[in-house]
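Hi,

Here is the structure I said I would pass on.

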Amino acid sequence: MITFSFPAHGGSGGRSTVGDREVLDLPAAVRRARALGHRRVATVGFSMGGSVVLRQTAPYGPQGSISGQGEHGERTVARPDDVVAVSAPARRSYQGTAAMRRLHRAVTPPMGRLVSRLGLRTGIHPEDRDPVPLSPTGAVPLIAPTPLLLVHGDRGPYFPLGHPRILLAAAPATAEPWSERGFGHAENAADDALPGRIGAWVAARTG
């Protein structure tokens, strides 16, 4: 297993682009796992990381070779064999909950970014997204034939159950949804059993 923190998360320095350029970081972890000899590699992302694993797997636009698909559509070592998105948003601009409105105030205006950097020690990249990145909903149809698991809780304060439903409606028929009763948001709300269940789901796809 390889774990890492995106820029400005955990012990990582740098500045966060809140899921935009982070799709350029994830392929390095996939390649590293393959270099260590792992034959089957699954990417598992929580919240913002969930949107990143969805977008990184989708071969689109000029970033196709980065996200794991070669120039002529062939699979590359950077493309995972399975994708698991936990508590992922359907769209990144969502502000329908109080928690997301607070988050947008912290990462969008210059004053909010300053407070985040000084008070929360979380650096947010100051540049606007140009071009606007592909949304998670736009990414999921492009993931096939890679197996996809969408995990979401019914008590998430950031993204209500409408988000996984939108993602599932856009996803290939092979995508599998898990609606977790009593589960809040992302890794902080996950019990000890959830990672093991996700691991078992991935292992069941190893031929």
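Below are my notes on the cavities, then on one residue. Keep in mind that this is a predicted model.

Cavities first. The structure holds two of 30 Å³ or more. The largest cavity has a volume of about 40 Å³.

What lines the largest cavity? The residues are Ala85, Ala88, Leu150, Val151, His152, Pro164 and Leu167. By class, the lining has six nonpolar residues, one polar and no charged. Two elements each give at least two residues to this lining: strand 3 (148-153) and helix 6 (162-170). Strand 3 has the largest share, with three residues.

Now Leu54. This residue sits in helix 2 (residues 48-57). Is Leu54 buried or exposed? Leu54 counts as buried because its relative accessibility is 0%, and the cut-off for buried is under 20%.

Which residues does Leu54 touch, leaving out those up to four places away in sequence? The contacts are Val83, Ala85, Ala88, Pro136, Ala139, Val140, Ile143, Leu148, Leu150 and Leu167.

One distance to check in your viewer: Leu54 to Ser135. The C-alpha atoms of Leu54 and Ser135 are 9.1 Å apart in space. In sequence, Leu54 and Ser135 are 81 residues apart.

Best wishes

Methods: Residues numbered from 1 in each chain as written. Predicted model: local features only at pLDDT ≥ 70, side-chain atom pairs only at ≥ 80, totals over all residues. Heavy atoms only, no water. 1 Å grid on protein atoms, 1.4 Å probe; cavity = no way out; pocket = protein on both sides within 12 Å on 5 of 7 lines; lining within 4 Å. Points joined across faces, edges and corners; volume = space filled by probe spheres on them. Helix = DSSP H or I, 4+ residues; strand = E, 2+ residues; numbered from the N terminus. Nonpolar A, V, L, I, M, F, W, Y, C, P; charged D, E, K, R; others polar. Buried < 20%, exposed > 50% of the residue type's maximum accessible area, 1.4 Å probe, protein only. Contact = heavy atoms within 4.5 Å.
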